[in-house]
Amino acid sequence: MKEAAARRGEDTPEPLFGAGRGRADSSSAVGGRKLMTVESVGGSCYGCGVCAVVCPVNGIVMKLSESGFWLPSVDVGKCVYCGLCTRVCSFMNDGVSAAGAVGSASAFWHKDPEKLKLAASGGAGLAIAETMMAKGWKTIGAAYDPSSNTVRHVRISSPEGLAAIANSKYIPSYTADGFDGLFDGGKYVVFGTPCQIDSMRRLIRMKHAEDNFLLVDFFCHGVPSYLLWFAYLKQKLSGHETMRDARFRDKRNGWHTYTMRLETDRRIRYSTALGGDPFFRMFLGSRVMNLPCYRCKFRGESSAADIRMGDLWGSDYAGVEHGVSGLLGLTARGEEVIRDLAASGELIGVERESVMRGQAHRGMPPPACRNRILRELASGWPLWLVVWRQELPGRIKGLVPCKAKEWIKRRLGR
């Protein structure tokens with residue numbers, strides 16, 4: 001395996017804050033041809049990390065930018081301009097690497113109450129991993145790392161380890177270590193965001209190893225900046241507390257209520273979106289997402305995975321609080337695995353529209369406030385002040401009587 005510390009780029013300079021342009025050293029003229037590397041993507045990078053895995057000379061490292069997102073940094077002294085990084089890059093390649101047709105749509109919830117309680121929705125991810133582990137497969141998924149307060153993809157070899165990857169993670173995952181060393185002849189279930197899975201599909205196809213992988217992605221809202229997460233922890237924790245775990249979708253208040261659970265060495269804290277939790281206000285409001293998330297090409301059914309999963313929102317299960325997963329079978333292998341889930345819980349065939357209901361179908365422009373909020377967070381503003389300043393105009397507007405608003409609009413000729 002490659003050295004983890006090298007791939008993290010702990011000694012490399014950070015990209016410029018807010019950069020959305022390519023860098024001067026992101027291409028090179030070789031033999032009269034200008035060759036590109038993934039670094040030319042700049043601040044528009046998905047941050048999937050697959051380029052760092054495919055690089056044959058260990059010349060690409062993933063590092064948190066000043067804006068709080070994982071970006072690749074290319075060591076031009078090592079780079080041989082082979083082009084492998086650009087071949088696997090989901091952002092640099094148009095379309096989806098394997099656009100499968102939806103063959104089946106299902107609702108699912110785990111039969112084990114404890115596992116259902118642990119999961120963000122119906123526990124479909126747990127059931128998929130358990131089903132494939134029984135057949136000798138290993139699992140790659142996102143786990144919270146309290147030592148760095150980041151999320152990182154890890155390899156799980158036994159059912160006991162699956163709890164670490166069971167719940168949603170609403171911050172960007174560092175994947176390079178978890179995705180490395182997968183071409184050892186073993187068989188793997190890989191969970192990830194649609195962009196991570198699309199790049200992974202390109203890689204395993206390049207390696208002629210698709211038979212050894214089951215790829216699972218999910219309906220993705222997008223990922224917010226780590227600047228938001230670090231400011232949130234600073235606001236929520238005292239200076240003497242150490243994080244042990246974060247559960248972004250705890251069910252103590254039910255499936256439909258977004259509840260954050262922060263476990264430290266001293267206590268467990270809960271906070272809900274309905275109660276004004278500042279992380280959820282920024283995240284669900286899409287205030288500081290990664291730039292490509294706003295115009296993501298993987299909305300709706302667009303996926304390179306074998307299975308796409310997510311919460312099964314909508315009226316059919318509006319009164320259910322234990323959680324229900326929606327599943328789309330996108331390949332023959334994915335459909336076969338979904339059928340096997342009947343042994344792990346309740347599996348019900350539903351209309352495709354039922355799974356799609358409540359999911360994002362189209363992109364959106366970045367909000368005008370995004371760069372300002374990122375600058376404030378990078379400058380050390382407390383999160384409560386950032387949120388207060390962002391919401392103040394709306395609160396003032398809410399104090400103005402409706403008749404006064406109509407009078408002002410008439411005066412302004414609107």
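Let me start with the second largest pocket, which is lined by Leu 227, Phe 230, Ala 231, Lys 234, Gln 235, Leu 377, Gly 380, Trp 381, Pro 382, Leu 383 and Trp 384. A word on the source: this is a predicted model, where local features need pLDDT of at least 70 and side-chain atom pairs count only at pLDDT 80 or more, while totals for chains, interfaces and linings use all residues. Residues are numbered from 1 along each chain as its sequence is written, and side-chain values use heavy atoms, with hydrogens and water left out.

Back to the pocket. Its volume is about 190 Å³. A pocket here is found on a 1 Å grid over the protein atoms alone: an open set of points where a 1.4 Å probe fits, with protein on both sides within 12 Å along at least five of seven lines. Lining residues have an atom within 4 Å of a point. Grid points are joined across faces, edges and corners, and the volume is the space filled by probe spheres set on the points.

Which helix gives the most to this lining? It is α8, with five residues. Helices α8 (226–236) and α14 (383–399) each supply at least two. Helices (H or I, at least four residues) and strands (E, at least two) are DSSP runs, numbered from the N terminus. By class, the lining has eight nonpolar, two polar and one charged residues. Nonpolar means Ala, Val, Leu, Ile, Met, Phe, Trp, Tyr, Cys and Pro; charged means Asp, Glu, Lys and Arg; the others, Gly among them, are polar.

Now the overall picture. The protein has 15 helices and 16 strands. Of its 414 residues, 53% are buried. Buried is under 20% relative accessible area, exposed is over 50%, and partly exposed is in between (1.4 Å probe, protein chains only). Take the contacts with a separation of 6 or more: 71% of them are between residues 24 or more positions apart. Contact means heavy atoms within 4.5 Å.

Next, stay with α8. This helix lies across β11, β12 and β13, and runs at about 65° to β12. Axes are lines fitted to C-alpha atoms, for helices over the stretch in contact, and angles run from 0 to 180 degrees between N-to-C directions.

Those strands form an open sheet of three, in the order β11-β12-β13, with antiparallel pairing. β11 (243–250) and β13 (268–272) stand at the edges with a single partner strand each, so one side of each has no neighbour in the sheet. On average, neighbouring strands of this sheet are turned by 15° against each other, direction ignored. Two strands pair if DSSP finds at least two bridges between them. Between β11 and β12 (residues 259–264) there are five bridges. Arg 247 stands opposite Arg 261 in β12, and Asp 250 stands opposite Thr 259.

Is β11 enclosed or open? Six of its eight residues are buried, so β11 is largely enclosed by the rest of the structure.

Over to β13, where we find Ile 268. Ile 268 is partly exposed, at 38% relative accessibility. Leaving aside neighbours within four places in sequence, Ile 268 contacts Arg 261, Leu 262 and Glu 263. From Ile 268 to Met 243 is 25 residues in sequence and 9.8 Å in space, C-alpha to C-alpha.

β5 has five bridges to β15 (residues 325–329), running antiparallel. It has five bridges to β16 (residues 345–349) as well, again antiparallel. Ser 106 has Leu 327 as its bridge partner in β15. Trp 109 stands opposite Glu 346 in β16.

For a covered helix, look at α5 (residues 124–133). Ten of its ten residues are buried. Among them are Glu 130, Thr 131 and Met 132.

Last, two loop residues. Which sits exposed, and which buried? His 208 has phi near 55°, a positive value in a residue other than glycine. It lies in the loop between α7 (194–206) and β10 (213–218). His 208 is exposed, at 76% relative accessible area. Ser 286 also has a positive phi, near 55°. Its loop runs between α9 (278–284) and α10 (291–294). Ser 286 is buried, at 7%.
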